[in-house]
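Hello,

Here is the structure I promised to pass on to you. Please have a look at it first, and then read my notes below.

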Amino acid sequence: MAARFRPESPRDRLMVALDVASTTAAESLVERLGDTVGFYKVGMQLAFAGGLALVPALVSAGKRVFLDMKLLDIDNTVASGVKSIEAMGVALTTIHAYPKAMRAAASARGAQSGLGLLAVTVLTSLDDRDLAEAGYAATARDLVSRRAADARAAGMDGIVCSAQEAASVRAVVGPDMLIVTPGIRPAGAAADDQKRVMSAADAIAAGADCLVVGRPIVAAPDPEAAARAMLAEIGAACGGR
Ligand code: C5P
């Protein structure tokens with residue numbers, strides 16, 4: 001069985017979101033980041049610009065890939081999507097935390113599969129007002145906790161949530177599930193469209209296992225220096241683990 005991903009070093013904990021407009025831009029960013037970064041997240045911007053073709057190249061270059069497809073569809077379509085993703089050799093992918101979709105994803109994956117499944121609870125760009133606008137009566141915090149419990153019951157390997165909820169999610173899911181947090185911003189940096197943000201050190205201290213970082217690295221004048229600074233912050237916060 002291919003072992004499912006568990007972080008073993010600060011470098012394993014930093015997932016850089018390749019949120020760029022072309023495969024050429026992604027390739028040059030990966031080259032600039034060199035050995036500093038070992039884990040990349042491929043999301044819809046790059047995937048819809050031909051970036052899925054880059055995934056096998058990243059995998060064979062020894063990089064881990066988190067294919068952030070945020071699947072949500074009828075059970076059969078989610079299950080077939082997961083099977084196709086499994087064949088790509090990526091370490092992680094995402095499913096929106098609807099119980100039926102998560103169960104379909106978990107049962108589609110082979111028992112020996114190395115593909116880890118993460119449940120997206122509530123996007124970090126949403127606050128309570130945005131949820132009310134979308135017809136939800138729950139607060140973001142309560143909905144995240146409820147969806148984390150559903151994800152555990154459905155057989156997911158981890159949770160995507162804001163670092164602000166990492167401690168409450170840990171209390172719900174226990175020590176074994178991965179907690180992956182986007183919405184990471186260096187202290188004093190612009191939040192952009194993110195609403196539930198935290199610094200890397202605070203996120204690790206709150207119980208996050210891995211951090212997804214896009215613009216603070218991708219749009220930095222020197223992305224490699226920004227990644228190194230983030231790694232140093234992660235390393236100090238988790239005692240080098
Ligand atoms: O640029 P920034 O650091 O805000 O990028 C965050 C990345 O994490 C984006 O690729 C976004 O799609 C992703 N993400 C998120 N919130 C979630 C799940 C994924 O921001 N709940």
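Let me start with one residue. Ser 199 sits in the loop that runs from strand E7 (178-181) to helix H9 (200-205). Is Ser 199 buried or exposed? Its relative accessibility is 13%, so Ser 199 counts as buried, the cut-off for buried being under 20%. Apart from neighbours within four places in sequence, Ser 199 has contacts with Ile 184, Arg 185, Ala 187 and Glu 233. Please keep in mind that this is a predicted model.

The loop between E7 and H9 also holds Asp 192. Asp 192 is not a glycine, yet its phi is positive, near 55°. With a relative accessible area of 44%, Asp 192 is partly exposed. For background, most residues other than glycine have a negative phi. Lys 70, in strand E3 (residues 64-71), is another non-glycine residue with a positive phi, about 40° in this case. Lys 70 is partly exposed too, its relative accessible area being 27%.

Now to the helices. In helix H1 (residues 23-33), the buried residues are Ala 26, Leu 29, Val 30 and Leu 33. Why can we say that they line one face of the helix? Viewed down the axis of H1, the buried residues fall within an arc of 100°, so they line one face. Thr 24 and Glu 31, on the other side of H1, are exposed.

Helix H8 (residues 166-173) has Ala 166, Ser 168, Val 169, Arg 170 and Val 173 as buried residues. Among the elements that cover them are helix H7 (140-154), strand E6 (158-160) and E7. Gly 174 follows H8 and has a positive phi, near 85°.

One more residue to look up is Tyr 136, in the loop between helix H6 (128-133) and H7. Tyr 136 has a relative accessibility of 28% and therefore counts as partly exposed. Leaving out neighbours within four places in sequence, Tyr 136 is in contact with Tyr 98, Leu 131, Leu 143 and Arg 147. Between Tyr 136 and Ala 104 there are 24 Å from C-alpha to C-alpha, and the two are 32 residues apart in sequence.

Finally, the whole chain. The protein has eleven helices and eight strands, and its C-alpha trace spans about 40 × 40 × 35 Å along the principal axes. A compact globule of 241 residues would have a radius of gyration near 18 Å, and the 17 Å of this protein agrees with that. Buried residues account for 51% of the 241. If you take the contacts between residues at least 6 apart in sequence, 68% of them join residues at least 24 apart.

Best wishes

Methods:
Residues are numbered from 1 along each chain as its sequence is written. This is a predicted model: local features need pLDDT of at least 70, side-chain atom pairs count only at pLDDT 80 or more; totals for chains, interfaces and linings use all residues. Side-chain values use heavy atoms; hydrogens and water are left out. Helices (H or I, at least four residues) and strands (E, at least two) are DSSP runs, numbered from the N terminus. The radius of gyration is taken over C-alpha atoms; the globule rule is 2.2 Å times the number of residues to the power 0.38. Buried means under 20% relative accessible area, exposed over 50%, partly exposed in between (1.4 Å probe, protein chains only). Contact means heavy atoms within 4.5 Å. The arc is that of the directions from the helix axis to the C-beta atoms.
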